[in-house]
Amino acid sequence: MPRFAVFGPTDRYPPAPGGGMCISVFAIVRRDGKLLMGVPNRRKKWISEWVPNWGIYSKEDLDAEFKRWRLPAGYLLEGEHPDQALGRVMKDQLRVDGFKATSSRVLSYAAPSDWYPGNVHWDLVFVYDVGIRGPIKKLPWWRELKFRGRTELRDADFGWNDDFMRDLGLVG
């Protein structure tokens, strides 16, 4: 029998999916037809604040993450509205206080879990188109942070996010 996607304290609700569930926010920042992308630098903030699941990655998988391009993004905190999570990403990861979210979309992915065979992992993703003014600062937690054109981007550059980047029409 199918289970409704209602999760909470197990005295009244079923537990989260057996393969886990991630709820994330992503910022699509464009300038002159290019997309703001970054390659993370090895800094504690990535694992302690922005992508905590990296803390349980194998050394090989973690090394790969620090070589891949990514959008400014983060997980929602429990009870946090996606708009607030976007503000946190813009302020913490990019040091941008003045921005305008012009539109948003919600995408959902479910796939067999690599870590928990026989279970499904679910990703619920809030994607915002964001306008900013002024230059992008060089920040220590980004090895590279720059605007890149669509022709420079390949889906293989994004690891597990390749289907997500294709669905958004950001890569060919």
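**About the model.** This is a predicted model, in which local features need pLDDT of at least 70 and side-chain atom pairs count only at pLDDT 80 or more, while totals for chains, interfaces and linings use all residues. Residues are numbered from 1 along each chain as its sequence is written, and side-chain values use heavy atoms, with hydrogens and water left out.

**View 1. Confidence along the chain.** pLDDT is the predictor's confidence in each residue, on a scale from 0 to 100. The protein chain averages 87, with 92% of its residues at 70 or more. Helix α3 (residues 82-94) has the highest confidence, at a mean of 95, and helix α4 (residues 162-167) the lowest, at 76. Helices here are DSSP runs of H or I with at least four residues, and strands are runs of E with at least two, numbered from the N terminus.

**View 2. Ser113 in its loop.** Ser113 lies between β4 (99-112) and β5 (120-132). With a relative accessible area of 11%, Ser113 is buried (buried means under 20%, exposed over 50% and partly exposed in between, using a 1.4 Å probe and protein chains only). The Ser113 side chain reaches the backbone nitrogen of Tyr116 at 2.8 Å, and a polar atom of that side chain is 3.2 Å from the backbone nitrogen of Trp115. Leaving aside residues up to four places away in sequence, Ser113 touches Gly19, Asn119, Val120 and His121; contact means heavy atoms within 4.5 Å.

**View 3. Trp46 and its neighbours.** Trp46 belongs to helix α1 (residues 44-50). Trp46 counts as buried because its relative accessibility is 0%. Its contacts, not counting residues up to four places away in sequence, include Pro40, Trp54, Phe66, Arg70, Trp141 and Trp142. Trp142 is 96 residues from Trp46 along the chain, yet their C-alpha atoms are separated by 10.0 Å. A polar atom of the Trp46 side chain also lies 3.3 Å from the backbone oxygen of Asn41.

**View 4. Arg30 on strand β1.** Arg30 is found in strand β1 and is partly exposed, at a relative accessible area of 47%. Its side chain makes a polar contact with the side chain of Asp129 (3.4 Å). A polar contact is a pair of N or O atoms within 3.5 Å; within protein, one must be able to donate a hydrogen and the other to accept it, and residues adjacent in sequence count only if both atoms are side-chain atoms. Beyond residues up to four places away in sequence, Arg30 touches Leu35, Asp129, Val130, Phe147 and Leu170. Arg30 and Gly149 are 119 residues apart in sequence and 9.6 Å apart in space, C-alpha to C-alpha.

**View 5. Two loop residues with positive phi.** Most residues other than glycine have a negative phi. Asp32, in the loop between β1 and β2 (34-40), has a positive phi near 50°. Asp32 is exposed, with a relative accessible area of 76%. Back at Arg95, phi is also positive, near 60°. Arg95 counts as partly exposed, at 34% relative accessibility.
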